[in-house]
Amino acid sequence: MTRPVLILGGTGEARALASLLVADGVSVVSSLAGRVRNPRLPDGEVRIGGFGGVEGMVAWLRENQPHAVVDATHPFAQQISRNAVEACAEVGVPLVRLVRPAWEAQAGDDWTIVEDIVGAARAVAGGNAARVLLTTGRQDADAFAGIDSAWFLIRVVDPPTGPLPPHHRIVRSRGPYGLDDERTLMADEKIDLLVTKNSGGELTRAKLIAARELGIPVVMVARPVEPCGNVVTSVEEAANFGRK
Ligand code: NAP
C-alpha cells in the first residue's frame, strides 16, 4: 500500500501543495473542515468534516497510515493545529506546519494593530469611521454586532449566521482579489476603514495596497501566538517534506 500524505487544508497554499504532490505521483489526502458550502476542491483525494478532536484524528491516522502530515490550515485556525500536534505525536507521524508569512506594514500604511477580533471591534467603536470594509470572515462578524456608529460592508464567502451590526450590507465573493477591483470597491463604497486579520499570502493582499493608495486606515488583527515545532513558510518546502 502507498502511504499517503495528509494535508490539513482550507487555504490556497494547501491546494497548491496538493497539486504539486499529485503531479509528482505522491498519494495525497486533503482534509477540509466543511465550513464552506461549495469549497474549491484540491487535487487528489479529499475528506470533509472534523475528525472528532485529537482522539478522532489519532484514529484516522492509525487507520489511514499517512507517512507525513502537513498542517496547511489558515494561520487563525488554532484548534486544528493544536490537535494535529498532539495526534501526530501520539501516533508518531512526522508533522510540518506550513505558515505563510504575515503581512508587514510598509511606508504609507496606516495600520492599527490589535491583538484579537474583540480588539478590532473596540477600535472601530472608539474611532470615527463611517463606512467599514470588514474582511475578517463569516465566523468573526458577530464581534461587530453592537456597533451602530458605522455602516459595514461585510465581505464573506458564505453568509454569516450570527448577529450582525445594524447597518450593513453583505457582499459574497471569494478571492483572489485584484488591485483594480479592490480600488474600485473601496472608492465606490466610500470606505474609510478596512478591518482585516493578518492572514498573509498573496491571494488577498491587494486590499492592503488599495488601502495604502487611497489613504484608508486599516485595523489589523495580529496573528495568534506563533506556532512552534517544525515550521516551513513556502509550499515548495512543504512539498519536499511530503515527498520524503
Ligand atoms: P479551528 O478553530 O482551528 O478548528 C475547529 C475544528 O474544526 C477542529 O477542531 C476540527 O474539528 C475542525 N477542522 C478545522 N480545520 C479542519 C480541517 N482542515 N480538516 C478537518 N477538520 C478541521 O478552525 P477554523 O478557524 O474554524 O477554520 C476551519 C477551516 O477553515 C480550516 O481548515 C482553515 O484552514 C479554514 N480557514 C480558516 C480561516 C480563519 O480565519 N479561521 C480563514 C480561512 C480558511 P474536529 O475537532 O472535529 O477534528
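Please keep in mind that the model is predicted.

I begin with the sheet. Six strands, written as 6 in the record of the order E3-E2-E1-E4-E5-E12, form an open sheet, and the pairing is parallel. Strand E3 (45-48) and strand E12 (231-232) stand at the edges; each has a single partner strand, so one side of each lacks a neighbour in the sheet. Elsewhere in the sheet, strand E1 (residues 5-8) pairs with strand E4 (residues 68-71) in the parallel sense, over 4 bridges. In that pairing, Val5 stands opposite Ala68 in E4.

Next comes the helix. Helix H1 (residues 12-23) lies across E1, E2, E4 and strand E5 (95-98), and runs at about 160° to E1.

I turn now to the ligand. Which residues come nearest to the ligand? Of the 22 residues around it, they are Gly9, Ser31, Phe51, Gly52 and Lys197.

For Arg35, a polar side-chain atom is 2.9 Å from an oxygen atom of the ligand. Backbone atoms take part as well: a polar one of Gln78 lies 3.2 Å from a ligand oxygen atom, and a polar one of Ile80 lies 2.9 Å from a ligand oxygen atom. Taken alone, the ligand exposes 800 Å², of which the protein buries 78%.

Which elements give two or more residues to this shell? They are strand E2 (28-32) and helix H3 (78-91). H3 gives the most, with 4 residues.

Definitions and conventions: Residues numbered from 1 in each chain as written. Predicted model: local features only at pLDDT ≥ 70, side-chain atom pairs only at ≥ 80, totals over all residues. Heavy atoms only, no water. Near = heavy atom within 4 Å. Polar contact = N/O pair within 3.5 Å; in protein donor to acceptor, adjacent residues only side chain to side chain. Areas by Shrake-Rupley, 256 points an atom, 1.4 Å probe, with all protein chains shown as cover. Pairing = 2+ DSSP bridges. Contact = heavy atoms within 4.5 Å. Axes fitted to C-alpha atoms, helices over the stretch in contact; angles between N-to-C directions.
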